[in-house]
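I opened this notebook to keep track of what I looked up in the structure, one topic at a time. The entries follow the order in which I took up charges, rings and loops.

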Amino acid sequence: MADTDLKNIALLIDADNTTPKGIDPVLTVMAELGQVNIKRAYGNFAKNNLSKWGEITHKYGIQPQQQFDLTAGKNATDMAMTIDAIDLLYQGKVDGFGIMSSDSDFTPLVTRLRQDGLVVYGFGSTSKTPAAFKSACTRFIDIDALIKGASDEPDAPKSNSGKGKAGIDDELVELLGTAWKAAHRDDDGFAQMGEVGQIAGNRSSFDVRNYGFKRLSDLFEAIEQFKLERRDNTVWVKRLR
């Protein structure tokens, strides 16, 4: 892809509600969308618990946006992030957003950005992030899974015996099964895996990285209810039961 074709992407970070450990894998994921030219972290960096953000802002080119706690119980960080996001939206210079937060307060913001056709990736802790925020995002990716995946050995083998199957449950199988039913299938019941994954992504904030996998094919191979078949350069999938 030529530099002129790269999309302009903004990453806005709620430093109060996420961890700096995730910044490297998050930026790697954001590269799927384009060039992350705007990187801003919001919070009261005078607090000791946010000191580690100050240590990495220069390394990753992140602009710290200082927000003092002027009133107890009021979150100036959320307001500042929202205002900046809307400003960027109306300037018309941003093609997509990344929102690092586990705070449901950003759900209306994400919904508004997507109404203008922008892609919005959310990054937060699955256990802490409400379903409404996850569903609002184009993709919601568990930041803890990203950190773990980045620390794994790159050539570590994956088996179908259970390793890497965290989070695979009936709800996921049903989501993929419904997407398979909606896809175009051949006479043998196989559908192109890419189409199945796209339909699943359109129906939810589904992303294979939330389940410890880097590729959709690896995820399907770990689910016994599906069968894969490779034809030339295309992977096909069929639900068995």
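I began with the salt bridge, which I take as a side-chain nitrogen of Lys or Arg within 4 Å of a carboxyl oxygen of Asp or Glu. I noted that this is a predicted model, in which local features need pLDDT of at least 70 and side-chain atom pairs count only at pLDDT 80 or more, while totals for chains, interfaces and linings use all residues. Residues are numbered from 1 along each chain as its sequence is written, and side-chain values use heavy atoms, with hydrogens and water left out.

**Salt bridges**

I searched the whole structure and found eight salt bridges. One of them joins R112 to D116, with the closest N and O atoms 2.6 Å apart. For the surroundings I used relative accessible area, calling a residue buried under 20%, exposed over 50% and partly exposed in between (1.4 Å probe, protein chains only). R112 counts as partly exposed because its relative accessibility is 25%, and D116 is partly exposed as well, with a relative accessible area of 42%.

I then looked up D218, whose side chain meets that of R215 in a salt bridge at 3.2 Å, N to O. Which of the classes does D218 fall into, buried or exposed? D218 has a relative accessible area of 16% and is therefore buried, whereas R215, at 52% relative accessibility, counts as exposed.

The side chains of E221 and R230 also meet in a salt bridge, at 3.2 Å from N to O, and E221 counts as partly exposed at 34% relative accessibility. I also recorded a network of salt bridges that links E32, D207 and R209.

**Aromatic pairs**

I counted rings of Phe, Tyr and Trp (its six-membered ring) as a pair if their centres lie within 6.5 Å, with planes under 30 degrees apart called stacked, over 60 edge-to-face and the rest tilted. The search of the whole structure gave three aromatic pairs. Y121 and F123 form a tilted one, at 6.4 Å centre to centre and with 55 degrees between the planes; Y121 and F123 are both buried. F220 and F226 form an edge-to-face pair, with 5.1 Å from centre to centre and 70 degrees between the planes, and both of these residues are buried.

**Loops on either side of β8**

For helices (H or I, at least four residues) and strands (E, at least two) I used DSSP runs, numbered from the N terminus. I found Q225 in the loop between α9 (216–221) and β8 (226–231), and with a relative accessible area of 16% Q225 is buried. The C-alpha atom of Q225 is separated by 5.8 Å from that of R239, although the two residues are 14 apart along the chain.

D232 lies in the loop between β8 and β9 (234–239) and counts as exposed, because its relative accessibility is 80%.

**A charged patch**

My last entry concerns D169, D170, E171 and E174, which gather in a patch of negative charge on the surface. Such a patch takes residues with over 30% relative accessible area and no salt bridge, like charges being joined within 9 Å and nonpolar side chains (Val, Leu, Ile, Met, Phe, Trp, Tyr) within 5 Å. E171 lies in helix α7 (residues 170–182) and counts as exposed at 65% relative accessibility.

Note on methods. Accessible areas come from the Shrake-Rupley method with a 1.4 Å probe; for residues, only the protein chains shown count as cover. Lys and Arg count as positive and Asp and Glu as negative; His and the chain ends are not counted. The place of a charge is taken as NZ of Lys, CZ of Arg, CG of Asp or CD of Glu.
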